[in-house]
Amino acid sequence: MTKKLTKMVLLTFALSATMTLPCVAGAEDNTFASAEENGKYLSENKIDQSYDLPTAEDIAKNEAHDKALAKIDAAYDDYYADRITIDELADISDDYYAIMYPEDRDNPHFSLKTNLEQRAAVIAYKAKLKGEAVSEQVTPVDLWVNNVAVDADASLGQAYINADSRTMVPLRVVGDALDYETTWLGEGKISVTDDDLDVALEVGSTTYTVNGEAQSLRTAPAIRDGRVYLPVRDLGEIYGTVVWESGKVMIFEDRGNVPWYYMSASGNLVRVQNHTVLSVTTPDVGWTGSKGYAVDNASLWDEQAYVRVQDFASQGEAGRSTLFRDDGDHMTQVMTLNWSTSYAIKDGKIYHTDGTEAGSWTANIKPNRLMVTTVGDRREDTLYYDLDFAVNACTLGFDNDSLVATDKDGTRHVIDLSKLTPTQQSSRISCGPAPE
């Protein structure tokens with residue numbers, strides 16, 4: 001298909017969002033039928049001839065779309081002719097795709113900067129046009145598993161992009177990061193197991209089994225430098241969801257109704273759950289993002305997901321973080337917590353401590369202090385309880401209706417607040433609105 005025809009098809013597709021265009025004679029030679037032929041065709045086939053004419057705004061959008069596509073075409077021509085670099089092509093392509101598809105502006109799969117496989121495919125195609133050999137490692141790849149960077153080296157196996165533009169990841173490294181047992185059984189057979197997962201694979205075979213059920217891979221496992229590798233897309237189907245973001249590939253283990261979250265390069269909070277990746281609206285809390293972010297593992301409380309995010313620039317020095325509740329189509333700011341504290345939520349009440357570290361405020365930590373904040377209450381309604389043990393280093397949770405604080409050595413403390421008297425109310429803790 002020529003560039004001219006490609007543009008015509010895209011323009012027609014864009015117009016169809018606001019008006020119904022009949023498909024009539026002339027399509028095979030890329031010409032349009034006359035108005036008389038159109039009318040005759042529609043009448044004979046009893047097709048509704050009424051449709052909304054495009055508005056001036058529609059026409060302006062389509063013209064902008066067409067100009068953006070022309071700019072992208074020209075940029076690719078410049079790249080293939082060595083007039084610009086791959087990074088310059090990515091800048092131009094991303095800018096004009098944002099004009100064409102504004103709703104996908106923050107989707108990492110639509111960017112040559114973050115979709116490493118697409119980037120490698122463009123590089124490989126250029127090499128093919130010039131008759132050059134394609135290097136096996138076209139682009140370096142950082143590997144993250146469950147929001148944690150995987151520190152791998154050549155001896156363990158490192159993620160890379162092969163000559164077919166596929167991102168290959170070492171099976172054992174990912175399995176170890178997920179606390180799975182990866183075992184070489186000999187004769188090319190591998191097993192990956194944990195308490196409720198039993199995967200059997202074989203080098204050179206696209207057939208594998210999950211808990212005894214046969215399934216198929218797109219590409220067979222391969223051996224490189226003595227390590228077994230799988231394309232990350234196939235690995236994602238076994239373990240969970242794969243996301244490309246800012247020069248790294250991230251694998252998130254499936255956790256059922258408990259999602260994962262990460263901060264995109266553009267500073268948006270992104271939800272990952274059941275092979276779905278979606279940017280969620282987050283209130284403006286004054287973050288800058290200039291020094292990066294930390295995102296903890298989300299927890300499910302009162303059947304809703306809660307997650308903490310720390311902006312290093314504005315909160316890092318004081319060891320603070322912002323707790324959000326996932327309300328489906330948006331995130332709700334709940335309260336500010338120390339990053340190092342554990343917390344638990346039940347019946348709209350948040351149980352938390354000072355944690356073990358608070359940056360420059362660490363000296364003010366009260367190890368035995370437990371705080372209880374009701375979601376939706378004003379800041380002065382948070383209650384303090386002084387316990388007889390260091391609760392700040394414990395993990396908080398519930399055993400049925402009982403609040404339990406568990407030490408690092410496994411010692412469990414059951415806390416019965418009905419037998420305790422709060423020492424004071426807080427005027428320092430801000431808490432957001434209650435669930436809708």
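Author: Strand 3 (residues 160-161) pairs with strand 4 in the antiparallel sense, over 2 bridges. Strands here are DSSP runs of E of at least two residues, and helices are runs of H or I of at least four, numbered from the N terminus. Two strands pair if DSSP finds at least two bridges between them. In this pairing, I161 stands opposite T167 of strand 4.

The model is predicted: local features need pLDDT of at least 70, side-chain atom pairs count only at pLDDT 80 or more, and totals for chains, interfaces and linings use all residues. Residues are numbered from 1 along each chain as its sequence is written, and side-chain values use heavy atoms, with hydrogens and water left out.

Strand 4 also has strand 11 (residues 227-231) as a partner. These two run antiparallel and are joined by 3 bridges.

Now the faces. In a regular strand the side chains alternate between the two faces of the sheet. Strand 4 covers residues 167-170. T167 and V169 are on one side. M168 and P170 are on the other. All four are buried, and both faces are covered. Buried means under 20% relative accessible area; exposed is over 50%, and partly exposed lies in between (1.4 Å probe, protein chains only).
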